[in-house]
Each structure stands twice: as structure tokens, then as C-alpha cells.
Amino acid sequence: MLKKSLLTALFLLVGYEILMRSVDAWWSTGQNAPQSSVVRAHDFIYATKTYDNIMVGSSIGNRITSKVPADSLPRSFYNLSFGGQSIFDGLQILKKMDYKPQRIFIEMNVLMRNEDPDLQASLFSPVMYPVKKVMHSWRERNQPLGVLARLPLVLDGNPDLQPATPPTGLERSEDSYKAMLAVQLEAQKNAYPENYVADQINKLKTLVEYFQKQGVQIIFFEVPVDPKLCGMGAPVQLRTMIKAAFEPMGCKFVDMPDCEGYFTTDGTHLEKISVYKYLRYFRNELKRQGIMP
């Protein structure tokens, strides 16, 4: 009986592994924000393709590609921005992989959040990391529950392979938007303690210097937020101190455009219609500054 059970389990394991090697389970994107972050990280860590341009950031940076088709940025880009995480998470992943892209784009909006030690430990566990390099079925995107739960999405087709439908209006809930904007206005009205910001900048400098020594170009970018938040104490302080610290190090900047005309779902995360607008601005700025052709 035991032997039969073991053989059945082995058969299912091998069969599922073969299936996951044969199918791109694009529809399995995670059932919550933390799992979606791991899916995004695994897709990058175990990818066979290499990318010349890497974005690192928070949920604000994550939003600028997760809400639109993949071809909104050149195929040489990978967005290592994670909901609820920080720029340090993406940078630590690159460092631990000894990854040397041509350019790293660092989001400026959220500097005060540190890397998540639990996320880093789970991604690079001495036991599971080598196992998942070999076993596709053990990677987060291919977890059976996620694959099966979202299977109906297959009927709609992969959105990244279909023509994008231009958004025609706002998708946000106005009540939710107003409530969250009020929270953000209160939270960001005052500057942070200057020594606290300086500590974060010094920590970031260490990583920027590390990648610059590898020949990587560093570009900072700031995603527009609600017009009422743009000039508040905290974002103005971060904008000013980051530029003062990193411009002398030869870093480039894609400055935040005028926030007027940009719409958000909650004060800080762009509405889909504004994501398209910002990506057009972002790509034009890369060309205008000669960062990319």
C-alpha cells in the first residue's frame, strides 16, 4: 500500500513538472500582494532571458507596468518593483545574483522603507533556491492552487499578447480615493527627520557605488502622484536630498513631470489612464537625455 502511494505521488510530481515545463502559466500571478511579489521575483531570478534594463521600486513603480501590457516598455526592461516592498529589495536581488544590467532605474518615491529580510531569505534559501533552479513546478507561479484557481482567465487569452484597449476614463472609487488621499496628505505634510533620510541615502549610496563599479548606469525616476501631494514636505525633502546626493556621483534623473493632469487611485498610485501618459513621458525623456535610443 505504501509503495503504491509513493509511486502515485512520484508519478503526479513528475507529470506536473513536465506540464509546467511545457506550459507558460501566465495566468497564475499570485493570490495576494506578497505572493505576487514572489512570483515576480521568481520570474526574474529563474529566467533564461537576460535584461539590459532593470527597474527597482515600491508598489508605485510596480503599478507603472503591472496595469498595462508588457510591451508598454521595451522588451529589454524588467520591473523588479514590489507591492509593500522597497527599492532595496530589488537592488539586493540583483546583488545576490551578481546581475550586471546596462542600466538600473531606481524609483525615488519611497526611500524610507527598508528591504524585507523575510522576502530575501525566502528567495535565496540555501535549500530551496537550488531546488527551484531545477524544478519548475516548485516555483511560486506554478503552485497548483494558483494555477487552478485562476484557470478561467485562460479563456480571455494572455493580455500581453493582445492589442491594448485604450482606457477612456477613471476606474477608481471616488469615496475610496478621497479617504486614502486624506490619509496621504496627513502622512506626507511634514519632512522626515533629516538624519533618518541621511541614513537611508548613505545605505543607498553603498549599493549605487557597488553597481557603478560593475559598469552599471544608475538612473533615478519619480512617478507623479496626486497634484495635492506633489509639493508636500516629505516628497519635496526626498526629491531634494536624493538629487543632491547622487547627481555628483554621475547618476541621471528622469524628473517627475508636472502632476497636474495625472490621476491616482489613492493619492500615490497612478490610475491606468495616467500610467500610459507617464510611460510616454518616461520613454521620451530617455530619448531626450540620450539614455536610450
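Colleague: Why does the radius of gyration of the protein agree with a compact globule?

Modeller: The radius is taken over C-alpha atoms, and the globule rule is 2.2 Å times the number of residues to the power 0.38. With 293 residues that rule gives a value near 19 Å, and the protein has 21 Å, so the two agree. This is a predicted model, in which local features need pLDDT of at least 70 and side-chain atom pairs count only at pLDDT 80 or more, while totals for chains, interfaces and linings use all residues. Residues are numbered from 1 along each chain as its sequence is written, and side-chain values use heavy atoms, with hydrogens and water left out.

Colleague: What makes the contact of E17 and R21 a salt bridge?

Modeller: The term requires a side-chain nitrogen of Lys or Arg within 4 Å of a carboxyl oxygen of Asp or Glu. The N to O distance here is 2.7 Å, so the pair qualifies under the 4 Å limit. Both residues lie in helix α1, 4 residues apart, about one turn of the helix; helices are DSSP runs (H or I, at least four residues) numbered from the N terminus. The whole structure has 9 salt bridges.

Colleague: What classes of residue make up the lining of the second largest pocket?

Modeller: There are 15 nonpolar, 7 polar and 4 charged residues. Ala, Val, Leu, Ile, Met, Phe, Trp, Tyr, Cys and Pro count as nonpolar, Asp, Glu, Lys and Arg as charged, and the others, Gly among them, as polar. Helices α3 (59–66), α8 (174–188) and α11 (233–246) each supply at least two lining residues.

Colleague: What is a pocket, and what is a lining residue?

Modeller: On a 1 Å grid over the protein atoms alone, a pocket is an open set of points where a 1.4 Å probe fits, with protein on both sides within 12 Å along at least five of seven lines; lining residues have an atom within 4 Å of a point.
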